[in-house]
Amino acid sequence: MGAAVTFRLESMPRLNLSGRSHRRCNLLTGEWVLVSPRRMERPWQGRVEELPEESHPHYDPTCYLCPTNARAENRKNPNYTHTFVFDNDFSALFPETPEEELERQNLLIAKSERGICRVVCFSPRHDLTLAEMKVEDIRRIIDVWVDEYTTLGGKPFIRHVQIFENKGEMMGCSNPHPHGQIWAQSTIPVEPSKEMVRLKEY
């Protein structure tokens, strides 16, 4: 085996990040990502999306997240005045899922996954995004996130809790009423698990 090679990064020429193609190390995953800054200089004749006009009423009687409105299977929202949390009617994960496995010729390998998916309506107002809310109302939302994280994370079969918001049509948001989601599941997803390894190493 050859001797280990070490060098000081400071002795190398300084890289021009905005003008040279380079790789950047994502310290949370240990993976290298190619960055090509000059690609942005090429002429563009491709598709240009028009931004949708954001004009929503204070209350929408057809919105299944507004207060007092009906949701799936005749469930009805309460007349909530602040943050409202409920189990997702179209959940991606279910707590009662039994432990099962499948393996077919070492090509199709699958394991069942238990979990809980919740919806967090930030406000009763249909037209008020998180960024437009008062500080005290944002604080209420953060308190809800903390409570949900603690409650869901305290369940014996839950190993990972993710709080997120898909904002806007292009990000896959299915309803314009300002809301977020919480997914709690029995295994740690790939990206967070890689980040945990790197954080422990650090």
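**Notes on the predicted model**

1. Let's start at Leu28, which sits in the loop connecting strand E1 (22-26) to strand E2 (31-35). Bear in mind throughout that this is a predicted model. With a relative accessibility of 38%, Leu28 comes out as partly exposed. Together with Met196 and Leu199, Leu28 makes a nonpolar surface patch of about 270 Å².

2. Now the overall layout. The protein chain has two helices and eight strands, and going along the sequence they come in the order β-β-β-β-β-β-α-β-β-α. The chain has 202 residues, and 26% of them count as buried. If you take contacts between residues at least 6 apart in sequence, 55% of those join residues at least 24 apart. As for the surface, the chain exposes about 15,800 Å², with carbon and sulfur atoms supplying 54% of that area.

3. Which residues touch the most other members of the largest nonpolar core? They are Val120, Leu152 and Val161, out of 14 residues in that core. Strand E6 (115-121), helix H1 (135-153) and strand E8 (179-185) are the elements that give two or more residues to it. H1 provides the largest share, three residues.

4. Setting aside neighbours within four places in sequence, Leu152 is in contact with Ile116, Arg118, Ile158, Val161, Ile182 and Ala184. Ile116 is 36 residues away from Leu152 along the chain, yet their C-alpha atoms are separated by 8.0 Å.

5. Val161 picks up the other end of one of those contacts. Leaving out residues up to four places away in sequence, Val161 touches Tyr149, Leu152, Gly153, Ile182, Trp183 and Ala184. Apart from this core there is another one, of eight residues, including Cys63, Leu65, Cys66 and Tyr80.

6. That brings up the cysteines. On accessibility, Cys63 counts as buried at 4%, and Cys121 counts as buried at 0%.

7. Two backbone angles to check by eye. Glu73, in the loop between E2 and strand E3 (84-87), has a positive phi near 55 degrees. Asn106 has a positive phi near 60 degrees, and it lies in the loop between strand E4 (101-104) and strand E5 (108-111). Are these two side by side with solvent or tucked away, that is, exposed or buried? Glu73 is exposed, with 68% relative accessible area, and Asn106 is exposed as well, with 57%.

8. On to the charged pairs. There are 12 salt bridges in the structure. One of them joins the side chains of Arg38 and Glu41, at 3.3 Å from N to O. Arg38 is exposed, with a relative accessible area of 54%, and Glu41 is exposed with a value of 54%.

9. In helix H1, Asp143 and Arg139 lie four residues apart, about one turn of the helix. Their closest N and O atoms are 3.0 Å apart, and the pair forms a salt bridge. Asp143 is partly exposed at 33% relative accessible area. In helix H2 (residues 190-201), Lys194 and Glu191 lie three residues apart, again about one turn. Their side chains meet in a salt bridge, with 3.0 Å from N to O. Lys194 is partly exposed, at 23%, and Glu191 counts as partly exposed, at 39%.

10. Salt bridges with shared partners link Arg71, Glu73, Arg75 and Asp89 into one network.

Notes: Residues numbered from 1 in each chain as written. Predicted model: local features only at pLDDT ≥ 70, side-chain atom pairs only at ≥ 80, totals over all residues. Heavy atoms only, no water. Buried < 20%, exposed > 50% of the residue type's maximum accessible area, 1.4 Å probe, protein only. Core = buried A, V, L, I, M, F, W, Y, C linked by side-chain atoms within 4.5 Å. Contact = heavy atoms within 4.5 Å. Patch = residues over 30% accessible without salt bridge, like charges linked within 9 Å, V, L, I, M, F, W, Y side chains within 5 Å. Areas by Shrake-Rupley, 256 points an atom, 1.4 Å probe, with all protein chains shown as cover. Salt bridge = Lys/Arg side-chain N within 4 Å of Asp/Glu carboxyl O.
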